[in-house]
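Trainee: I am new to this structure. Can we go through it in short steps?

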Amino acid sequence: MNVNIRVAEKADCPRILELINELAVYEKAPEEVTVTLEEFEDAGFGANPVWKAFVATDNNIIVGFALYYTRYSTWKGCRLYLEDFLVTEDYRGKGIGKILFEKVMQEAREGNYNGMVWQVLDWNEPAINFYNKYAAGLEPGWLNASFSKEQIGNSKLQTLN
């Protein structure tokens, strides 16, 4: 195994999107991935990029990634938000996740962020155990809320004023 961690490039987007789909299957929500490759590439490498990522490669094949962006908290200030973090199944347990996660932590330190945040599903014991090794604070009591693009465009929401 010859693992290398590097900054993601636009050419990596198709493979990263494959891994995002792998993660969605693992999280029992494959139908939730609706972003197109073009949207994904533009969001990372277009005129106004909103995400960055590190990729883990073995012999130039991407076997893991960590995608993040800046999140602003009115309580805490700028924080690095780890959106998705995955090592493909065949490469788990080899220390690649540790290297990737610590690379993101280093990015948070070097970027002078006021912290780093992410989410983990309450049933994902392997991930919870991984984060517990770092003494991460896992916050109970928060529910995720969201609107789809269609809901935002729904005329009923627009008439609430």
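Trainee: How many bridges join strand 4 to strand 5?
Mentor: This is a predicted model. Strand 4 covers residues 77-87, and strand 5 runs parallel to strand 4. The number of bridges joining strand 4 to strand 5 is 3.

Trainee: Which strands are the edge strands of the sheet?
Mentor: The sheet is open, with 5 strands in the order 1-2-3-4-5 and mixed pairing. An edge strand here pairs on one side only. The edge strands are strand 1 (3-7) and strand 5 (116-118).

Trainee: Which residue takes a positive phi in the hairpin of strand 2 and strand 3?
Mentor: Strand 2 and strand 3 run antiparallel, joined by 7 bridges. Lys52 stands opposite Tyr68 in strand 3. The hairpin has 2 residues between the strands, and the phi is near 50 degrees. The residue is Asn59.

Trainee: Through how many residues does a hairpin join strand 3 to strand 4?
Mentor: Strand 3 and strand 4 pair in the antiparallel sense over 10 bridges. Ser73 stands opposite Gly77 in strand 4. The hairpin joins strand 3 to strand 4 through 3 residues.

Trainee: At about what angle does helix 3 run to strand 4?
Mentor: Helix 3 spans residues 96-110. Helix 3 lies across strands 1, 2, 3, 4 and 5. Its angle to strand 4 is about 165 degrees.

Trainee: Is Cys13 buried or exposed?
Mentor: Buried means under 20% relative accessible area. Cys13 has a relative accessible area of 0%, so Cys13 is buried.

Conventions: Residues are numbered from 1 along each chain as its sequence is written. This is a predicted model: local features need pLDDT of at least 70, side-chain atom pairs count only at pLDDT 80 or more; totals for chains, interfaces and linings use all residues. Side-chain values use heavy atoms; hydrogens and water are left out. Two strands pair if DSSP finds at least two bridges between them. Helices (H or I, at least four residues) and strands (E, at least two) are DSSP runs, numbered from the N terminus. Contact means heavy atoms within 4.5 Å. Axes are lines fitted to C-alpha atoms, for helices over the stretch in contact, and angles run from 0 to 180 degrees between N-to-C directions. Buried means under 20% relative accessible area, exposed over 50%, partly exposed in between (1.4 Å probe, protein chains only).
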